[in-house]
Amino acid sequence: MENADTASYVDFYHAEGKHKGILSWLLTTDHKRIGLMYMCSMMTFMLIGMTLGVLMKIEMLTPGKTIVSAQTYNAMFTLHGLIMIFLFIIPGLPAIFGNFMLPLQIGARDVAFPRLNLLSWYFYMTGGIFAILSLFLRGGPIDTGWTFYIPYSIRTGTDVILPLLAAFILGFSSIITGINFVTTIHRMRAPGMGFFKMPLFVWSLYATAWIQIIATPIIGITIILVIIERLFQMGIFDPALGGDPLLFQHLFWIYSHPAVYIMILPAMGAVSEIIPTFAKRTIFGYKAIAYSSLAIAFIGYFVWAHHMFTSGISETSRFIFSLLTFLVAIPSGVKVFNWVATLYKGSITPGVPLLFVMLFVFLFSIGGLTGLVLGSLATNAHLHDTYFVVAHFHYVMFGGTVMIFFGALHYWFPKMFGKMYNEKIAKWTIPVIFVGFNMLYFTMFILGYEGMPRRYWDYLPKYQTLHVISTVGSWILVTGIIIMLVNLINGLRKGPKAPMNPWGGKTLEWTVPSPPPVYNFEEIPVITHGPYYYGGEEEK
Ligand code: HEM
Ligand SMILES: [Cu+2]
C-alpha cells in the first residue's frame with residue numbers, strides 16, 4: 001500500500017471507507033480513527049479538569065473566600081476528581097494509544113471486535129455527557145468528592161444519581177475495551193509472534209485488560225446499590241437504616257485500588273518501549289518486566305483496605321493490608337531495575353519521549369515512596385485525609401501516568417499523524433513542567449504534614465505562604481503544558497513530514513508508513529526474530 005505522501009493526515013484518514021466527512025469518523029470501525037476520536041474527547045476533558053484544578057488553587061490563595069463559595073469549591077474538587085479519574089486517566093492510555101498501537105504492534109489489521117470498539121467510544125461519550133448534564137439538573141453539581149462516600153452521598157441534596165450513572169456507563173466502555181484487547185491479543189497476533197515476542201506495551205495492555213474485565217463490574221454493582229439506596233432507602237449502606245457504610249468503602253476500593261493499576265500499567269508499558277528505543281539496546285529483563293505486570297495486576301487485588309486504615313476496621317486486617325501493600329513495591333522495583341539496567345551502557349539519545357520518561361521516573365518515585373509512608377499504619381493515622389494524600393496521588397497519577405501520557409504522545413505522534421513537531425520547543429517545556437509541578441505539589445506534602453486537611457475551602461493563616469507557592473506553581477505548570485500542546489498542534493498543521501521510523505524503534509508499528517494505511521499491513525508480517533523485535537534492516 002502506498003503512503004499518501006502528499007495528503008495531510010486528515011485527508012489520509014478520510015481517504016477510504018464508505019462514509020465521507022464527519023460520518024467517516026463517527027461510523028468508523030478503524031482502530032486508529034477510534035483511538036484518535038478518544039484522543040480528541042479525552043484531551044478536551046483533561047483541559048476542563050485542569051481548568052478546575054487551577055481555579056481551586058486560585059481559591060486557595062487566601063484563607064476564606066477568594067473567588068468562589070465553599071459549596072462551589074466542593075463541587076469543583078468533586079468534578080475535577082471525577083473528570084480526571086473516570087474520563088481521563090483510567091481510559092487514557094489504553095483507549096488512545098492501546099487502540100491505535102495494539103493491532104500495529106502485534107501485526108494485525110484491526111482489533112478483534114471493531115464494532116464493539118466503536119460502541120465503547122459511544123459509551124464513553126454518553127458517560128461524559130451525563131456527567132456534564134448533571135451539573136445543570138435538580139440539586140446542582142455533585143459535592144461528594146469523587147469517592148461517593150456513604151452516608152453523605154445518600155444525604156446530600158445535590159444530584160448524585162446522574163454522575164453515578166455516568167460512572168456506570170463509563171465502566172461498560174472500559175469492560176468492552178478490555179474484552180476486545182484480551183481477545184485481540186489471544187487471537188490476532190501475527191504468525192510467529194508468541195506471547196514472549198510481544199512488545200512490552202502489549203503485555204501491559206494485556207494485564208490491564210484483565211483488571212478492566214474483572215474489577216470494573218464490582219464498581220458497577222456498587223454504583224447500582226447506591227442508586228437503589230438513594231431512591232428506595234433499602235438499608236444496604238445507610239447506618240440509620242441498619243446498613244453498613246464500611247461495606248460501601250470495601251466495595252468501592254476493591255475496584256478503585258486495582259483501578260490505579262489500570263492507570264499505571266500501560267504507562268509502564270510505554271516506558272518499556274521508549275527506553276530501549278532511545279538507549280539503542282534490547283530491553284534488559286524482558287520476561288521479568290512482562291511477569292511483573294501480571295504480578296502487579298494480581299497483588300493489586302489484595303490491598304484495597306489500605307484506604308480504610310482509619311475507618312475502624314480490625315487491627316488484624318489493618319496489619320495484613322499494610323503488609324500486602326508493601327509487597328506491590330517488589331514488582332514495581334523489578335521494573336525500575338530493568339529500565340535502569342537497559343539504560344546502563346546504552347548509547348542514549350535524549351529525545352523528547354525519553355526526557356518525559358526521566359520526568360516520570362523522578363516524580364513517580366516520589367509518589368511511590370510517599371505511598372509507603374501512607375501504607376504504614378502509624379504514619380497513616382497522622383496523614384490520612386490531609387494534603388499529604390493529595391500530593392501523593394498527584395505525584396503518582398499526574399507525575400506518573402500523565403507524564404507518560406505526554407511522553408507517549410511525543411513518541412507516537414509522528415506515527416499517528418505523519419508529521420513532526422518542533423523538538424527544541426518540546427524539550428524546553430520539560431523543565432517548565434518540572435519546576436511548576438514540584439512547586440504545586442511538593443508544598444502540599446509539607447502542608448499535609450503540618451495538618452492541612454484535604455477538601456477544605458478555608459484554612460488557618462499559617463498555611464498561606466505554602467498555598468501561595470503552590471498556586472504560583474500551578475500557573476507555571478499549566479504554562480508548560482499549554483506550550484507543549486500548542487507545539488504539537490503546530491506540528492500537526494505545518495510540521496515537516498515524519499519518516500517511517502524517526503526514532504529507530506524496533507517494534508512493528510515502525511515498519512509501516514506514517515500515518516499507517518487503513519488496514520495497516522499490506523501483507524501480514526511473519527515474525528522470525530525475537531523476542532520482541534522484528535528482524536531486518538533499519539529503514540528510514
Ligand atoms: C493543572 C493540574 C492540576 C491541578 C492544579 C490540580 C489541583 C488539585 C486540587 C487543588 C485538588 C483539591 C485539593 C483539596 O481541596 O482536597 C485536587 C484534587 C484532586 N485531583 Fe487534581 N490537580 C491537577 C491535575 C490533576 C490530574 C492530572 C489528576 C489525575 C490524573 C488529578 C486528580 C485529582 C483527584 C482524584 C483529586 C481528588 C478529588 C477529591 O478529593 O474528590 N488532578 N487537584
Ligand atoms: Cu490503593
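Is Glu229 buried or exposed? Glu229 is buried, because 21 other C-beta atoms lie within 10 Å and 20 or more is the cut-off for a buried residue. The model is predicted.

**Around Glu229**

Glu229 sits in helix H9, which spans residues 200-232. Glu229 and Ile154 are 75 residues apart in sequence. In space, their C-alpha atoms are 7.2 Å apart.

**The shell around ligand 1**

Ligand 1 is surrounded by 26 residues. The closest are Gly53, Gly81, Met84, Gly145 and Arg454. By class, the shell holds 16 nonpolar, seven polar and three charged residues. Four helices each supply at least two shell residues: H3 (31-59), H4 (70-89), H16 (387-417) and H18 (464-494). H4 gives the most, with eight residues.

**Two helices packed on H16**

H16, which supplies residues to the shell of ligand 1, also packs with H5 and with H10. H5 covers residues 92-105. H10 covers residues 245-279. The table sets out the two pairs.

| Pair | Axis separation | Crossing angle |
|---|---|---|
| H5 and H16 | within 11 Å | roughly 20 degrees |
| H10 and H16 | 9 Å | about 45 degrees |

Take H5 first. The axes of H5 and H16 cross at roughly 20 degrees. The angle is under 35 degrees, so H5 is roughly parallel to H16. Their crossing is left-handed. On the H5 side, the contact involves Gly92, Leu93, Phe97, Phe100 and Met101. Thr401, Phe405, Ala408, Trp412 and Met416 meet them from H16. This contact contains eight nonpolar residues, two polar and no charged.

Now H10. H10 and H16 pack at about 45 degrees, and that makes H10 oblique to H16. H10 passes H16 in a left-handed crossing. H10 contributes Met263, Ile264, Ala267, Ala270, Val271 and Ile274 to the contact. H16 answers with Met397, Gly400, Thr401, Ile404, Gly407, Ala408 and Tyr411. Here the residues divide into ten nonpolar, three polar and no charged.

How values were computed: Residues numbered from 1 in each chain as written. Chains lettered and ligands numbered in written order. Predicted model: local features only at pLDDT ≥ 70, side-chain atom pairs only at ≥ 80, totals over all residues. Near = placed C-beta within 6 Å. Nonpolar A, V, L, I, M, F, W, Y, C, P; charged D, E, K, R; others polar. Axes fitted to C-alpha atoms, helices over the stretch in contact; angles between N-to-C directions. Parallel < 35°, antiparallel > 145°, perpendicular 65-115°, else oblique. Left-handed = near helix turned anticlockwise from the far one by under 90°. Contact = placed C-beta atoms within 7 Å. Buried ≥ 20, exposed ≤ 12 C-beta atoms within 10 Å, placed from the backbone.
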